[in-house]
Amino acid sequence: MRFFKFYLPISLAFAMAILGITSVFVPHHYSDNFQKETVVWFRVLGGVTMFIGAYSLLKVHFNRIRRQQKGWGYSALLYAFFITVITCAIVNYDTATGKSKGPLEARNMATKDGVNWIFNAIQRPASATQYSLLGFFICSAAYRTFRAKTVEAAVLLVAALIVMLGQVPLSATISGAIPWMSNWLLNWPNMAVKRAILFGICVGSVGTSLRVMFGIERSYMGGD
Amino acid sequence: MKKNDLLLIGGFALVMAVINIVLVATHRLHWVGRFDPKTLGTMVAAAITIAVMSQLYKDNALFKLAEHMLVGSALAYGLMVTWYAMWVTEIIPALSPLKTYGWQAVVHPMKIAEAANKPQLLGVWSIFLPAVLGLMMYTRLNKKYAWISRIPFAIMIGFGVGLAIPNEIQANLLKQLQATMVDLWHDPMTHQYSWNVLFAQIAFVGVMATLVYFFFSVEHKGAFGAVSRVGVWFLMIAFGASFGYTVQGRLSLLLGRINYLFHDWLAIVR
Amino acid sequence: MKLESIFDVDRRFVFVGIFLALLIPMLVPYPLPCKPNKDVENMYIGIDDAISRGKKIFLSFEYDPTGAAEQEPMARAVMRHIFSRGGKAVIMCKSGGQQGQEMHQQLLADCAQEYGRSYGADYCYLPYKPGSTNLVINLGQSLRSTWPQDVGGTDLADLEVTRDVQRLADFGYVMIICSSLTTVVDWLTYGQGPYNLNMGFGVLGNVTPDVANYTNSGQIKGLLGGLIGAAQYEQILLDKGINLMRRFSPADLASAHMVSFCSRLSDPEADGLGRYVWDALSPATQAAVRDVIKEGYDNLNAAAKTDIAAALNRVIMRTDVIPDAELSKAKPGHQVASLLDGQLKERAPQILRRLIVEKEFGKALVAAQSAGQAMTWMTPQSIAHVVLIVAILFGNACYLYDRARRKKHSQI
């Protein structure tokens, strides 16, 4: 059993990594086809496994409803919306013919049916607003805590103020030097830092890849 | 749900209903016909926007309501999109030779795939094999058989790292190194010292100093410490730039929502 | 008392302040000119150059409603540019954009209508497919095996726009509108790197500083960073007269002035232009226009607006309604006049006719040369930035004053 649980996955990972590297370096149509085919496989695999995440989330809320835990009403609402959208999706209403196409025929996401209505009335405003609230938090935090307490903090502060001002057109009406400085900070000192960090990330990523390849890094296998 | 929560939700719905009636009566919102799903959608979307924004005051029932509606519908929407994008347009059509050619499609997959003009090289096996791997992944949900899911993970991750090693080195490491190791004394165009050369020198110092700062195997003292301190200064400038851009980005998104409320719904902003 | 304690206000007051700083300037739209930076100019040049070489443009729309406020203006500006130059584009949707497919298609249809371009011949939309990195690798190898069909179920081999393109490398410029650094790196690693593509990006504001090293190394040829990037691209469109080349679209009919517009159209004593447009409308639209006057507000449906826009377009596309001799009535401003004398010389009659129609109907029609959404929004953005900067500076002044005072006290 140890072979199947331990050695087989490690050997497969090693073999696939070698094939992956080979497919980049060997300009033969076999290796091209292999790469093409494998990449299709992984997309199909993604399609087959699409229910895993949904299952876990729905299970948590199902248990909450069953045990009538605090806030179970919200979980019931979550289920109600889940079921409504899924039902509309399965019906797959076709506005052109006025008939249901069923779940086995192609669907254009711009079709104006129930899914589309819920998406535009609920999902779209809720997700966009959720994201936009960060604007309030970041400004509030800056207003109350952004202080030049040390020389380094002062450098950060000055850079931030120049970039903030330089990135709006009003700055150009004050002085053309402000947007220039802002772009300069972005394109030279900032670029240098991002490049140095990228070197670190890249070396780290290649190192981790090699560790996975040689079976040293095995976190993808979960626990023993 | 507490009684207060229900009161809050009911009160909010009532206020929104009154506002919307006033908007329709004053022709700021246009209700066409007996039932107008588009305008109703605008009204509901405005209510949801306000409900999510109410979180700024404090965590409350309205926000939770909107949040759970979002999660429920987004989950279903995600499944639907994957179903139609992957299963209906790719997986099911790839299996269609089974219907036309029967077992021949399984025994001679490559020949049949070519005859049926399918992009999958191994024909139906291009679906069967990853489907089996995908089903193996579901064993993650059961502790006893979870080890089976290691096999598809190993195949996926193994191939992923195999592709990543050369491509990562080529696209990130080498190209970035090449861009750093430029002539630091002459401009490539004029072959003379210029402002751009000075900036390239500054960038070079920045890259080196930042790398020194992140090098923890040597104690940051003396000359090494001084260089590392320069690295901190560069890092601070980069953080400042990131902060400035983040403020800009977040405020832009907020503008989008304010525009929705005051332009699309209340029709105050023209 | 510590001066800094005045900053200890409830954060909700700060939220209200930010909200007002954005809202108040929005009430009075006043677009400011946005000077394009080098990265934005590079994108414009890259796309323009590809089109003039007869190459097609590949775009990946990977934005959805969450980032649409920043990224939709980018997509609109770029599409207007491509369509105005007669370029052909293939647009795909990848992870990150799956929830935005409806808005992508709407935007493409709007832009195509503005420049008289058609689906299939000038552009096509490839619907969302899962698999982020894998999809980029697939696209590099073969477009058709990745997307055998477009959004309407037509084979790519049957579409004029995709007939002679096999893979990413066949396109003259590749532009990605995405939200995360990971996506940028994926495209550069598996798309740009192996095939040496001309690639540009439109990213959210917060991602912009993270990709600076890629623009410096030349891997990214053109970058629109956040709303300011979109605004700068819109500025180029204004400067080059690309907006002037637009035809009328339903969105050009200003809702606020619809009643006076409809009264003007249905006036039985009207002659010339108004009469021509009225006669060109279908009976259903004419009835809808009369209904607007009766009800006193804009209740025109989409079909009626499309019909009106089509009638207005007939005026600017034909020579008999506004004869060439009357084109001098347009009296374009200095900037427009110089464009009409220069690069827009061939299109001058159509543009002058549009200007005459705009003049005739006043505020009811959105001017072709008006600033885009991103440019308009940059003014409230500017005010909010200035308010925040002043607040931060004031906070620091209070902090430094308090610190100096503390130091002084401790010395005593």
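1. In chain A, the centres of domain 1 and domain 3, taken over C-alpha atoms, are separated by 38 Å. Chain A is divided into domain 1 (1–49), domain 2 (65–145) and domain 3 (149–213), with bounds that come from an automatic or database domain assignment.

2. This is a predicted model, in which local features need pLDDT of at least 70 and side-chain atom pairs count only at pLDDT 80 or more, while totals for chains, interfaces and linings use all residues. Residues are numbered from 1 along each chain as its sequence is written, chains are lettered from A and ligands numbered from 1 in the order in which they are written, and side-chain values use heavy atoms, with hydrogens and water left out.

3. Between chain B and chain A, contact (heavy atoms within 4.5 Å) involves 111 residues of chain B and 123 residues of chain A. The two chains bury about 10,800 Å² between them, 80% of it on carbon and sulfur atoms, where buried area is the accessible area (1.4 Å probe) that two parts lose on being put together, summed over both. Of the area that chain B buries against chain A, Tyr84(B), Arg150(B) and Phe159(B) supply 8%, more than any other three residues.

4. Two salt bridges are counted between chain B and chain A, the term meaning a side-chain nitrogen of Lys or Arg within 4 Å of a carboxyl oxygen of Asp or Glu. Arg43(A) forms a salt bridge with Glu90(B), with the closest N and O atoms 2.8 Å apart.

5. On the side of chain B that touches chain A, the elements giving two or more residues include helix H3 (61–94) and helix H8 (150–180) of chain B, helices being DSSP runs (H or I, at least four residues) numbered from the N terminus. H3(B) contributes the largest share of that side, 26 residues. The residues of this side divide into 78 nonpolar, 24 polar and nine charged; here Ala, Val, Leu, Ile, Met, Phe, Trp, Tyr, Cys and Pro count as nonpolar, Asp, Glu, Lys and Arg as charged, and the others, Gly among them, as polar.

6. The contact between chain C and chain A takes 55 residues from chain C and 47 residues from chain A, and these chains bury about 4,800 Å² between them, 64% of it on carbon and sulfur atoms. The rule finds two salt bridges across this interface; Lys194(A) and Asp210(C) meet through their side chains in a salt bridge (2.9 Å, N to O).
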